[in-house]
Structures are given as structure tokens and as C-alpha cells.
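Please open the model in your viewer and keep the sequence panel beside it. The tour goes from the whole chain to one pair of packed elements.

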Amino acid sequence: MNNLRTLLIDDNKAFVVLARHLLAGTQVEVVGEGYDGYDAVRLAEEIRPDLIIMDLAMPGMGGLQATRLIKAQDHPPRVVIASHYDDAAHREFAAQSGADGFINKQDYEHNIAQLLREFSRGEAHV
């Protein structure tokens, strides 16, 4: 798997720190972080990452609206929605917004490596 230039977007700064730490042992290069959907859209345009791991529910602009805007950009990155709200409806909302994957925050530590392997094989995970 090539290094994936990745943005981390979450209003919970502790989760951003944890996600960065857990990705340190993978072939992911964290190239930026933000704390709401506005940051996500702006940074996606400025940095042009390969992947964005983004929270679903954030103040201001949430992850679903940000995903729709990011996916409308030229050459958009893959977007993974990370959330505690893990049910069929939220996964469907994520898929409808254009997300390429969904990961439950409670299982993040155990599932992020598998999700990245699936992406390297071209598989989606919504």
C-alpha cells in the first residue's frame, strides 16, 4: 500500500490525537487536521489529500454535508465517516453523501488497519 496522505477531521480533539497515534504504525501520512466540516472542505481543496477520516456529527457543518461538497471537487479524495452512531440508517446517509467508508469510533483501533487494506485493494466499506 502506498502512503495515503490523510486529513483527520473531528471536533473532538482527543479523538484526533488518538487517530493520529493509531495511524502512526500504518502507511498513512497525516498531512493535516481540522475540527469541523468547514475545515474539511477548505483543507481538502488546499492540501489535496488521498483520504479524509471525518466525524459524522460536528457543530457548524457536519461530516455528511462536508462529504457532499468535497465529492463535488475536482479529483476528490476518499472519505471515511467515523462515528459512534453506527446503525443502518447512518451508514446509508454516509453512503448517500458519497462517503467511501464508514467506521465505528468504538471499534476504530481494531478496524482501521483492515479498512486501509480494503482501500488499497480498491474496495469500499460503507
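**The whole chain**

Select the protein chain first: of its 126 residues, 45% count as buried, where buried means under 20% relative accessible area with a 1.4 Å probe, protein chains only. This is a predicted model, in which local features need pLDDT of at least 70 and side-chain atom pairs count only at pLDDT 80 or more, while totals for chains, interfaces and linings use all residues. Residues are numbered from 1 along each chain as its sequence is written, and side-chain values use heavy atoms, with hydrogens and water left out.

Show the C-alpha trace, which spans about 30 × 30 × 30 Å along the principal axes of the protein chain. Now colour by secondary structure to bring up five helices and five strands, these being DSSP runs (helices H or I, at least four residues; strands E, at least two) numbered from the N terminus. Followed along the sequence, their pattern is β-α-β-α-β-α-β-α-β-α.

Next select residues 63–71, helix H3, together with residues 88–97, helix H4, which pack at an angle of about 25° with their axes 8 Å apart; the axes are lines fitted to C-alpha atoms over the stretch in contact, and angles run from 0 to 180 degrees between N-to-C directions. H3 is therefore roughly parallel to H4, a term for angles under 35 degrees.

Show side chains to find the contact (heavy atoms within 4.5 Å), to which H3 contributes Leu64, Thr67, Arg68 and Lys71, and H4 contributes Phe93, Ala94 and Ser97.

Methods:
Parallel < 35°, antiparallel > 145°, perpendicular 65-115°, else oblique. Buried < 20%, exposed > 50% of the residue type's maximum accessible area, 1.4 Å probe, protein only.
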